[in-house]
Amino acid sequence: MLVVEVILGLLICIVGFLWWWQRSSRNFWEKNGVSYIPGYPLIGVLKDTILFRKNFGEFLMELYNNDKCKDDPITGVYFFHKPSLIIRHPEIIKNVLVKDFQYFVDRRISSDPHEDGIGRENLFSAKGTHWKNLRMKVSPVFTTGKLKNLFTLMLEVCTVLDQKLSAEIGREPKEYEMKELAGLFSTDTISICAFGVKANSLLNPEAEFRIHAKRATDFTWRRAMEFTGCFLLPELATLLRFSFFSKETNNFMRSTINYVMEERLRTGVKRNDLIDALITMREEDAELFKGDTLIAQAAVFLIAGYETSASATSFALYELARHQDIQDELRKEIRSYAEKYGDPKYETFNEMEYLQMVVHETIRLYPSLPFLDRICSPPNGAKSYSLEPYHHFAIPRGMPVYIPMLPIHRDPNHYPNPEQFIPERFNPKNKDSIDQYSYLSFGIGPRNCIGGRFGTFQVKLALYTILKDYRVEVCEKTPAKVEFDEKSLIIHPKEQLYLNVTRI
């Protein structure tokens, strides 16, 4: 009888706790006058995400377009146990990312504090003053002069891509999985530009650089749990010692980068690439770049650069295959440029306005990361950040805020017919019609993507090389519509993007 009473008592306590949690979470938002999307106790609104039933980008689309809240500048939710704010209003986005950046310096992401120095110390994840110091030191790597030198190295990889296609494609079309082909190209450009290493993955898809770059964004169930935990439940990620990248990738990056730096120091060779910059950083500030901090900057450049560029290239080719008129217009511009200059020139490459429009429209429709996140951390001991005059709510210290990039990019209030691929949206004549705070693919403000220009050049060069002499077309395996991988926190296609490539 005693056992039954104990069990009954526990059940009553559990039910009481769940009722209290549900009521208090609703009351928190209601008393602050914030529209609220209810969720479940302990997990909040994240049920479909943590069960991997829905990609996080698609989940954000549902939150953003919720009938109860879609016209409000902000919406309250619970992500697990944490009250969090979804921001829609462009002026609030501007304030968070730019005007009042000092209140929102940090991202929420965290990982194993003992073993994952590469995951915690990279420029994407670092926090506070440490991030500011890293950003100041790393920024010179991406000056115009440095990018010009890297552009020359990228052209060498374009030559290899052209040779590969020429050798493999005869009179008949050849089928390629576009994310794979774009990934090979991205791996080779980043490895040669950043590390001075010829990965040769275009010629050898089993090259070590390629394997580890791909592994970092292959979302197995375990990696999906770790990655989601690092972003959305960092307290648990810290406790369970999740890592941002896989341990195999971390070990590979440590051994490879240390070896390359030692060889540079031994031989005295200078290439004006990321490795040279890292060596200089360590010499100038050994305390800042101790431990894994130096390796972390190179690792995030490789992995993030690989994924974003490969995704954008493959999505662009997919849309161009489905819109032959747009592909023809782009090819016309590419060939006109080639006749005028021969090989691409850094100083003149941006003359191809239609190519720029295609790339911008691709990463509007398919941004690599579907959201931006920040933690409210007011300076000088302040307890909150006021949203006046756009809302009377004051964001308390420690509250995460989320800017739902994918839903904003597909909002008909910002982009008419948002699901359609229309590069003309980004015609220079239309630039005044697009609010810059509704186009966030590379972020905006002091914490924007430092490698955005480099990544854009990668995508443009890949499209230039492929489309100049080849046509991409849909085939039997081409998905009619892109659906996103449910296990992936980033925008990753569920089905492989197969296309035919034909010599013309």
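User: Hey, how many helices and strands does the protein have?

Analyst: The protein has 18 helices and 9 strands. Keep in mind that this is a predicted model.

User: And how compact is the protein for its length?

Analyst: Its radius of gyration is 24 Å, close to the 23 Å that the globule rule gives for 504 residues, so the protein is as compact as a globular protein of that length. Along the principal axes, the C-alpha trace spans about 80 × 55 × 50 Å.

User: What share of the residues is buried?

Analyst: Buried residues make up 55% of the 504. The protein exposes about 22200 Å², and carbon and sulfur atoms supply 54% of that area.

User: OK, on to the inside. How many residues are in the largest nonpolar core?

Analyst: That core has 136 residues, and Phe-79 and Phe-195 have the most contacts inside it. Helix 14 gives the most to this core, with 17 residues. There is also a second, separate core of 28 residues, which includes Tyr-64, Tyr-385, Val-401 and Ile-444.

User: Which residues is Phe-79 in contact with, leaving aside its neighbours within four places in sequence?

Analyst: Quite a list! Among them are Ile-43, Val-45, Leu-46, Phe-56 and Phe-59. Further along the sequence, the contacts of Phe-79 include Leu-232 and Tyr-402.

User: Back to helix 14. Is Gln-297 buried or exposed?

Analyst: Gln-297 is found in helix 14, which covers residues 293–322. With a relative accessible area of 4%, Gln-297 falls under the 20% cut-off, so this residue counts as buried.

User: What is Gln-297 in contact with, apart from its neighbours within four places in sequence?

Analyst: Gln-297 is in contact with Glu-121, Asn-122, Leu-123, Leu-134, Val-138, Leu-278 and Phe-289.

User: Switching to charges: how many salt bridges does a search of the whole structure find?

Analyst: The search finds 29 salt bridges. One of them joins the side chains of Glu-307 and Lys-179, at 3.3 Å from N to O. This pair links distant parts of the chain, with Glu-307 in helix 14 and Lys-179 in helix 8, 128 residues apart. Both Glu-307 and Lys-179 are buried.

User: What does Lys-54 form a salt bridge with?

Analyst: Lys-54 pairs with Asp-48, and their closest N and O atoms are 3.5 Å apart. Lys-54 is buried at 17% relative accessible area, whereas Asp-48 is partly exposed at 22%. These two also belong to a network of salt bridges that links Asp-48, Arg-53, Lys-54 and Glu-62.

User: And which residue does Arg-410 form a salt bridge with?

Analyst: Glu-419, with the closest N and O atoms 3.0 Å apart. Arg-410 counts as buried at 14% relative accessibility, while Glu-419 is partly exposed at 46%.

User: Last topic, cysteines. How many disulfides does the count come to?

Analyst: The count comes to 0 disulfides.

Methods
Residues numbered from 1 in each chain as written. Predicted model: local features only at pLDDT ≥ 70, side-chain atom pairs only at ≥ 80, totals over all residues. Heavy atoms only, no water. Helix = DSSP H or I, 4+ residues; strand = E, 2+ residues; numbered from the N terminus. Buried < 20%, exposed > 50% of the residue type's maximum accessible area, 1.4 Å probe, protein only. Contact = heavy atoms within 4.5 Å. Salt bridge = Lys/Arg side-chain N within 4 Å of Asp/Glu carboxyl O. Disulfide = S-S within 2.5 Å. Core = buried A, V, L, I, M, F, W, Y, C linked by side-chain atoms within 4.5 Å. Rg over C-alpha atoms; globule rule 2.2 N^0.38 Å. Areas by Shrake-Rupley, 256 points an atom, 1.4 Å probe, with all protein chains shown as cover.
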